[in-house]
Amino acid sequence: MAKCGISILKGIEATAVVDLLNRAYCDEWLAYYQYFIEAKVIKGLMKDAAIAELTLHAADELRHATLISNRIIQLGGIPILHPGNWLKHSNCGYDAPENPDVRTILGQAIKGEQCAISTYSNILEILRDRDIVTYDIVSQILADEVEHEEDLQSLFDDLKEFLEQFKL
Ligand SMILES: [Fe+2]
Ligand SMILES: [Fe+2]
């Protein structure tokens, strides 16, 4: 554990930051798997464009899990070790793609991103002026989640417009 690195925290305990990060860590793994499996089971119009987007997002969520786990360890914590605890500790849960229709899957993915955006915004409120390093990492992740929502929403809107044109 890096003592000087931890000593720059102001008004918040490292354990409290680790707790926040561990919950987000669970979210990221669940989001990774949700995108991974959505890209496999999805069916319908424009599914190739959706698969490309979902696959890209899966890679981003895995990268977020890496960033978060590295920071947890820097703070002297231990990332959640058992996948069985991911659902229990997550903020946003997991939405199984039981209906493979491209519209349903995109809708679920958009909802997930909206939850991620509000979760990371709340974490930033807590960390502001207290833990500048984690704040910076979480800000980068939040910017990705905002981009994810936008990408999915524009794909969803294109699809909707296309279907309306042909009254499908
Ligand atoms: Fe993420
Ligand atoms: Fe995301």
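**A close look at one helix pair**

Guide: Happy to. In this predicted model, residues 24 or more positions apart make up 78% of the contacts in the chain with a separation of 6 or more. The secondary structure comprises six helices and zero strands, so reading from the N terminus the order of elements is α-α-α-α-α-α. Taken along the principal axes, the C-alpha atoms occupy a box of roughly 60 × 30 × 20 Å.

Now to the pair itself, helix α3 (residues 47-74) and helix α6 (residues 132-165). Two packed helices are described by the angle between their axes and the distance between those axes. Here the axes come within 11 Å and cross at roughly 170°. Because angles over 145 degrees count as roughly antiparallel, α3 is roughly antiparallel to α6.

Which residues make the contact between α3 and α6? On the α3 side, look for Ala49, Ala50, Glu53, His57, Asp60, His64, Leu67 and Arg71. They meet Thr134, Ile137, Ile141, Asp144, His148, Asp151, Leu152 and Leu155 on the α6 side. By type, the residues of this contact divide into seven nonpolar, four polar and five charged.

Leaving aside neighbours within four places in sequence, Ala50 is in contact with Ile42, Val102, Ile105, Leu106 and Leu155. Leu155 is one of the α6 residues in the helix pair.

Ala50 also has a place in the largest nonpolar core, which has 34 residues. Leu21, Tyr25, Ala50 and Leu106 are the residues with the most contacts inside this core. The elements giving two or more residues to the core are α2 (14-41), α3, α5 (102-127) and α6, and α2 gives the most, with twelve residues. In soluble globular proteins, nonpolar side chains tend to be buried together. Across the chain of 168 residues, 31% count as buried.

For a contrast, turn to Ile6, which is found in helix α1 (residues 3-7). Is Ile6 buried or partly exposed? Ile6 has 16 other C-beta atoms within 10 Å, and a residue needs 20 or more to be buried, so Ile6 is partly exposed. The C-alpha atoms of Ile6 and Leu20 are separated by 16 Å, with the two residues 14 apart along the chain.

Terms used:
Residues numbered from 1 in each chain as written. Chains lettered and ligands numbered in written order. Predicted model: local features only at pLDDT ≥ 70, side-chain atom pairs only at ≥ 80, totals over all residues. Axes fitted to C-alpha atoms, helices over the stretch in contact; angles between N-to-C directions. Helix = DSSP H or I, 4+ residues; strand = E, 2+ residues; numbered from the N terminus. Parallel < 35°, antiparallel > 145°, perpendicular 65-115°, else oblique. Contact = placed C-beta atoms within 7 Å. Nonpolar A, V, L, I, M, F, W, Y, C, P; charged D, E, K, R; others polar. Buried ≥ 20, exposed ≤ 12 C-beta atoms within 10 Å, placed from the backbone. Core = buried A, V, L, I, M, F, W, Y, C linked by C-beta atoms within 7 Å.
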